[in-house]
Amino acid sequence: MSEAGGLLVALLVLSYLGSALVGRRAGRVAVGSSGAEYVVLGVVVGPELLGVVSRELTQEFVALSRVGAAWLGLVAGLGFGHRSSRRLVRVTVGGLLAISMGVTAAAATWILADSLWDLEASTRIPLALGAAVVCSATAHDLTRRFAPVAAADGLAGLLSDIARGSTLPVALGGAVLLATVPGHGLSEFTWDARYALTLGTGVLLGLLASALLAREFRQAESWGILLGLFFLGSGIAVRVGVSAVALTFTMGLVIALVSRHGSEIRQMVEPTSKAVLLPIALLAGAAIQPGIQPLLGLFIVGVLLARALTSFLGGLLLRRISSSIRRAGPGVGFGLLTSSAFTLAVAVELNYALPSPVGPLLLVLAAASSVFGELFGSWQLVRSLRGVSEDDRAAPVSEVPSLHFRRDS
Amino acid sequence: MSGASSSSPSATARLVQGVALVVVFGLLYAAMQNSSQLEAELGVVAAVGFLLLAGTLLSELLETIGLPHLTGYLLAGIIGGPYVLHLVDHETVDRLSPVNTLALTLIALAGGAELRLSTLRVVARSVGIASLIQSGIGLVVMTATFMALSPFIPFANELAWAPLFGVALLWGVLAICRSPSACLGILAQTRAKGPVATFSLAFIMASDVVVVTMMACALMIAKPLVTGGGGISLDDFNLLAHELVGSVAFGTTLGLLLIAYLRLVEKNLLLVLLVLGFGMTEFLRYVHIDPLLTFLTAGFVVQNMSAQGDKLLHSVENVGAVVFVVFFATAGAHLDIPLLKKMWPIALALCLIRALVTIVAARWSSRVAGDPEPIRRWGFSSMISQAGLTLGLGVVVARAFPSFGEGFQALVIATVAINELVGPILFKVALDRSGETSSESVVRPSIAPRPEAT
């Protein structure tokens, strides 16, 4: 069996393990929502440490990584099934929070990239924008553990909605970033036209899916149409050089909002997210280049501190406007440091789509943010939720993981 | 592949499907015009999506005129392929070969799992007699036909008698090759239940083993005739025995493992099937074991040595619903249309004679076996299709005999193209006319006759 074939089988086994982890706990701690532990595993088995997976081998799986990342984008988009005005407000708050975290991350990146590496503006601009994209979103996967016992008005539900809203700027930012990168297949269009084409194609595919699946819902047929539209959209996006993740995210969003079978489609697709995430995370970890720039550690610490500070201040602000969050204590903002699978997916796409050193730097940043968020943010989030007696200790564990967005009752 | 539905789509739904089909073609065309030169793997992704969508939509539209879904998948591949609209190029079609590997794994597993011992006992005599007569008559007549038509066949018209006989013998074996994928595809779509469906499946699956064995013998006989040196080597028999026995042994072990897994774990079957399709197939080829026979045996063991057969079938069906569309659409894209244009007279003649021989042999074997009327009338219908297995054996011959291999393979491709298009239509018509096509949309039952029906 060829080396690539062996790695493919290993990735399938990893997918299997990921599927088996759906709805389960690892001891008292929820299974990582961003795949951070598998990113770390990828670094360990990758060319920088054990060398089990060489850099050339990771190149053979670029297509798999990009398609997998686009699939996570679709899953994220499908999660938007709500229609109530209250949830819209929460989602908007989440979007604003993400933008503020992104802006500070971008500012920190701009300053540090100039002072540490003296990069040209033409490199610093996409780097700063990319840092804004990968450092803005927060995860709500962990709050899913508490959802069975948490009311919609509870802190877990509220944070879940906020976190969901934070994915929107990530998707849109990623689309803008890739629309501005030179060397496109759509070079005769302006960047805003490329951006519009990205989102417009996603809308078109989402409407097509909704129209084709408007009849009675048959799972086998639905998979064929959904997968066909997904592969067509993501393949075309990568071929012409726009953001596949943003395109599929938009497609998922449109399906969630327009299709009469949106909730069935979401329930059909969501369980696949873990199985897709883990191999992608492993490949991302193996693709990381820690030596891409000198003093990289200092850069990462600086950007993450900026993110943490904004997150903390955002939490303080949210405490002033929400009684649920006020009860959670002053540290609730740190609980928003957890990173999502969607962010990692965007970072994977940027790694391969943007020229060096921007792409690889963003991947390292996203990985570090993910690990930091899992270690510190998760702990604080659980602490905050238990502090308001939204205890998961007696909660049954749902079979459906991550990104699930409950409809209003 | 979608099965029969409980309600036909409305005119609006069909219109939506038609519009969607046009949009899909248009999107990929637009992307092709504006794409940069990226890695080929990324072009494969878009191609897979296109073939899957176009195949699904075209098959739904063609359903209105009674054509089988398989025809829709093939046509989607032909239209979008490298010889018509060029939306999917040659390199992309070649890169889709892993899909074929996976599809053949699923086909073999499903084929084996459909063969219940209770069914086989009922049809064993019919299938045995049909196999004997079809193989014998088909081989003799098609060998003679090839020799008779050799003046019109470019690579054969100057061969001496001995090598011509060797080549004709190889052609005769290929002529009795059938298509398990087409058979299963039509049965899955129509959810057919009855004697014709039962007989067809059992015969087609059994013929796989027969053809593989006969091809090994034919190669052994043809080699000294064509190359003009040496005698018949028993080494080839040894290799064949190793392949057959090894396949059954591996398949049995795999089947037992699958039983244990289905019984104890029962989850993530999709991933298990993917690992089998991609990982196990490569390993089996490495140790010179036939993957098709291995998975056929595994499916058979699961069905007949446990209560997990229906679980396996259900899983394979779910995965196959998507994989088979791409498989057949890729086969359509692979059809060499210019070659068919060049060789169509001789290819058509060979196909027509093959069909005639098949019908006559089927009627005779049915009379000898005392088959019921539906099988007598329509039993031949599943035997016309040819697809991947025939093409694969054509490649084997081409590699074994480089002197005429290219021309031989071209003729194989041309005849398979015709049989691949016509065969499934014929089989579906037969199932419809014999009243075995189901209109229910329940979870697909096995096509084996229920105990009370026998």
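Q: What is the mean pLDDT of chain A?
A: The mean is 80. Of the residues in chain A, 83% reach 70 or more.

Q: Which elements of chain A have the lowest and the highest mean pLDDT?
A: The lowest belongs to strand β2 (residues 29–30), at 40. The highest belongs to helix α11 (residues 244–258), at 93.

Q: Where in chain A does pLDDT stay under 50?
A: Start with the general idea. Where pLDDT is low, the predicted coordinates should not be read in detail. Here, residues 23–32 of chain A stay under 50. Residues 394–409 of chain A also stay under 50. The model still gives contacts beyond four places in sequence: 25 for residues 23–32 and 54 for residues 394–409.

Q: How many residues does the largest nonpolar core have?
A: The general idea comes before the count. In soluble globular proteins, nonpolar side chains tend to be buried together. In this model, the largest nonpolar core has 248 residues. B:Phe50, B:Phe146, B:Leu170 and B:Phe408 have the most contacts inside it. Helix α9 (residues 195–227) of chain B gives the most to this core, with 15 residues.

Q: What does B:Phe50 touch, not counting residues up to four places away in sequence?
A: One partner is in chain A: A:Leu232. The list in chain B includes B:Val24, B:Phe25, B:Leu28, B:Ala76 and B:Val88. A second, separate core has 15 residues, among them A:Leu158, A:Leu318, A:Ile325 and A:Ala328.

Q: Why is helix α7 of chain A described as largely enclosed?
A: Count its buried residues. In α7 (residues 155–165), 11 of the 11 are buried, so the helix is largely enclosed by the rest of the structure. The buried set includes nonpolar A:Leu158, but also A:Ser160, A:Asp161 and A:Arg164.

Q: Is B:Gln17 buried or exposed?
A: Compare its relative accessible area with the cut-off. Buried means under 20%. B:Gln17 has 5%, so this residue is buried. B:Gln17 lies in helix α1 (residues 11–34) of chain B. Beyond its neighbours within four places in sequence, B:Gln17 contacts A:Leu212 and A:Arg215, along with B:Leu57, B:Glu60 and B:Leu61.

Q: Which residues make the nonpolar surface patch of about 520 Å²?
A: Six names to find: A:Val40, A:Leu41, A:Val44, A:Leu49, A:Leu50 and A:Val52. Take A:Val40, in helix α2 (residues 36–45) of chain A. Its relative accessibility is 41%, so A:Val40 counts as partly exposed.

Conventions: Residues numbered from 1 in each chain as written. Chains lettered and ligands numbered in written order. Heavy atoms only, no water. Patch = residues over 30% accessible without salt bridge, like charges linked within 9 Å, V, L, I, M, F, W, Y side chains within 5 Å. Areas by Shrake-Rupley, 256 points an atom, 1.4 Å probe, with all protein chains shown as cover. Salt bridge = Lys/Arg side-chain N within 4 Å of Asp/Glu carboxyl O. Helix = DSSP H or I, 4+ residues; strand = E, 2+ residues; numbered from the N terminus. Buried < 20%, exposed > 50% of the residue type's maximum accessible area, 1.4 Å probe, protein only. Core = buried A, V, L, I, M, F, W, Y, C linked by side-chain atoms within 4.5 Å. Contact = heavy atoms within 4.5 Å. pLDDT = per-residue confidence, 0-100.
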